[in-house]
Amino acid sequence: MISCYIDESGSMTKKYANSFPFFVICIINVLDATKLKHLYKKLFISNKSMFVRSKDNKYELKGSHLNRDEKKYLAKYFNRPGLLEVFYIKVVNQHLDNDEIYANKARAFNYLIGKDFEHLFIKKLFGFDEYFLYIDNRNVKNDSKKSLEDYLNIKFSVENFFATRFRAEYYDSKNVKLIQIADFFSNLFYSDLLTKNFESDFLELVDSNVVKDIFVFPLASYF
């Protein structure tokens, strides 16, 4: 089973695209969870100030709370080929025909995840396998939490990806270290799209083959 950790940055909006031009989803394929969790622990011990403390006394790595130097440091720290692979969905809000795709945001999220996995299967970046998706539960209603799993399994069984099965579960990111790493990578790309402050750091991740793919929607162009 392949374990993927998913988080997002930006806003789903066509109406306010001038203010919020992008919506980013980050999917991390974790190749060695034990080593990656060890790296997280070392980071916490040596750089505790990077972590946000919650009301219940838990610490969380949140990309939106990091300054520029901290993000640049973590881009190098997590540049670990063989431990993780990073896949992005980049939605260009200004290029959407209308706001209809966002009428139901849970459905829009499911659709984008499905389009990306289809793209990754076609490009042979993912194999036909079983997938466990760990997703940040931010802003997700309880009645929507089963819909992604059902949608993906129906979509790919109908489209003849016979060996592919999905299980999707939602978690509070402060309890799942690897979702927090997905949060960082999501925010890093989103921040670079807005500011271009992390272009060299991002290219290093591409060159090392940690960042594997960027699926652009709705443009018919891919990384």
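View 1. Residues are numbered from 1 along each chain as its sequence is written. Since this is a predicted model, local features need a pLDDT of at least 70 and side-chain atom pairs count only at 80 or more, while totals for chains, interfaces and linings use all residues; side-chain values use heavy atoms, with hydrogens and water left out. The pLDDT is the predictor's confidence in each residue, on a scale from 0 to 100. The protein averages 92, and 95% of the residues score at least 70. Helix H2 (residues 68-77) comes out highest at 98, and helix H4 (residues 147-158) lowest at a mean of 92. Helices (H or I, at least four residues) and strands (E, at least two) are DSSP runs, counted from the N terminus.

**View 2. A cis peptide bond at proline 218.** Look at the link from phenylalanine 217 to proline 218: it is cis, with omega near 5°. Proline 218 sits in the segment that follows strand E8 (211-217).

**View 3. Lysine 124 with a positive phi.** Lysine 124 isn't a glycine, yet its phi is positive, about 60°. You'll find lysine 124 in the loop between helix H3 (105-122) and strand E6 (130-136). Its relative accessible area is 76%, so lysine 124 is exposed (over 50%, using a 1.4 Å probe and protein chains only; buried is under 20%, and partly exposed is in between).

**View 4. Asparagine 209, with a positive phi.** Here phi is near 70°, in a residue other than glycine. Asparagine 209 lies in the loop between helix H6 (199-207) and E8. With 43% relative accessibility, asparagine 209 counts as partly exposed.
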